[in-house]
Structure formats: structure tokens, C-alpha cells
Amino acid sequence: MALAIRDVREHDLDAVLALNNAAGRTILALDATQLRYFYDHADYFRVAEIDGHLAGFLIALREGSNYDSPNYRWFSEHYPQFAYIDRIVIANAYRRHGLGRIFYCDVTSYAEVRVPLLTCEVFLEPRDDVVVLFHGTYGFQEVGQQRMGEEGRQVSLLAKDLPSYAFVRETYLEHGGLPDVPWLAERPRPLHPDTHTRRLAGERRP
């Protein structure tokens, strides 16, 4: 079995959209416009490819984005620097085989040289104890709870300290930046004239 974790490519988007919307109640549905927003703006957007098949993906955004998700906004109001995991989706055929942990190791590697905190949320309605336990064993702690809108689901807001960031900041970020090597490079993102426009998570443009 050949596994590759790589940056998403434009031709992957249809497969990513189908995978997201087949994930069930634990993942909020997307349309093509919303997914394109992530393709244009996400700081981290990588897919897992196994033997040429799309097996999963993870999307994360840093602070300062115009993403208006209520959970992203909560972290923006409470922390000056962070990387926020918006969603991780694993295809049914590849679940329970450790691919989620591989993704979390990879996004941690991305985040720990850039920010002091990795954040996310888990749904408490319906509660999935496997997901809660996964995050707890990976070092996340609850830092708050909120309801997503007046009639939305209750979520637990989680954060994980990234202690290596202090060393990276003092050694590199305050003295010219990270070394110019491929594994530290930012993903290239296309820019469009309307990328500054704020919109609500889940909002469809006319």
C-alpha cells in the first residue's frame, strides 16, 4: 500500500467534495463554492492518497483569515495566534486504520513551527466518544463550549499547546524566518478579486 500526504490540487476538488458530503452528520456539508473558498484561502489543505485513490483530507486555517465560522471566530476572539482544524474526513474504506493520526501528526508538524496553539472542535450533539477520546489522547484539552447558532449543535472547543513553537520563534521567526526547504514551504494559493469578502460558514453566494 502506497500512502502519500500532499497538498490538494485543483483537480482533486470534485472528489474532496463528494467525500465530505458522504461523511454523515459529524461533518458539515459543503457546496462547490464553499470548497473553493478553502482551496483559495486555507493555510493547510492536504489530501491522503492511497494507491492512487483519495482516502481523506484535512483543512486548517491560521488566525487572521476572513473565514466567518462561529467556532473559528471563537478562537479568534480568545487567542492571537493559532491554527484551526476546520475538518478532517477519512473515506469509509480507510477508517480505523490510523490515517487520522497520520493527518494530525502532519498538521502538527505544519503548525508547531508557525503558531503556539492547534485548535479544533468536536460535536457534543451527537456525542462520539471515539472522537472525544482521540483528541484527548492526542493532547487536546477543552477550553470552552458553545452552540453553533440559536438552534445549532453544541460543540466542545479544544486546544493543544505546541511547546516547540517558542524555540522556533526565538531561533528562526525573529531572525529572518524559517529555512528555505521544501518541507517548511507554504502551500501555493490562488488569489481572486473577491477573496477579501467575509462570509458566513455555510452561506451560499447568490
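**The nonpolar core and its surroundings**

A: In this predicted model, the largest nonpolar core holds 32 residues, and Phe38, Phe45 and Phe57 are the members that touch the most others. At least two residues of this core come from each of helix H1 (13-21), H2, strand S2 (44-50), strand S3 (53-62), H3, S5, S6 and strand S8 (154-161). As general background, nonpolar side chains in soluble globular proteins tend to be buried together.

The largest pocket comes next. Its volume is about 1000 Å³. It is lined by 43 residues, and those closest to its centre are Thr26, Ile27, Ile88, Val131 and His135. Helix H2 (32-41), helix H3 (70-78), strand S5 (83-90), helix H4 (99-111), strand S6 (117-123) and helix H5 (129-137) each give two or more residues to this lining. S5 gives the most, with seven residues. By type, the lining divides into 26 nonpolar, nine polar and eight charged residues.

H5 also has features at its ends. Aspartate 128 caps the N-terminal end of H5, with a side-chain oxygen 3.0 Å from the backbone nitrogen of valine 130. Glycine 139 follows H5 and has a positive phi, near 100°.

Technical notes: Residues are numbered from 1 along each chain as its sequence is written. This is a predicted model: local features need pLDDT of at least 70, side-chain atom pairs count only at pLDDT 80 or more; totals for chains, interfaces and linings use all residues. Side-chain values use heavy atoms; hydrogens and water are left out. On a 1 Å grid over the protein atoms alone, a cavity is a set of points where a 1.4 Å probe fits but cannot get out, and a pocket is an open set with protein on both sides within 12 Å along at least five of seven lines; lining residues have an atom within 4 Å of a point. Grid points are joined across faces, edges and corners, and a volume is the space filled by probe spheres set on the points. Helices (H or I, at least four residues) and strands (E, at least two) are DSSP runs, numbered from the N terminus. Ala, Val, Leu, Ile, Met, Phe, Trp, Tyr, Cys and Pro count as nonpolar, Asp, Glu, Lys and Arg as charged, and the others, Gly among them, as polar. A nonpolar core is a set of buried Ala, Val, Leu, Ile, Met, Phe, Trp, Tyr and Cys residues joined through side-chain atoms within 4.5 Å. Buried means under 20% relative accessible area, exposed over 50%, partly exposed in between (1.4 Å probe, protein chains only). A polar contact is a pair of N or O atoms within 3.5 Å; within protein, one must be able to donate a hydrogen and the other to accept it, and residues adjacent in sequence count only if both atoms are side-chain atoms.
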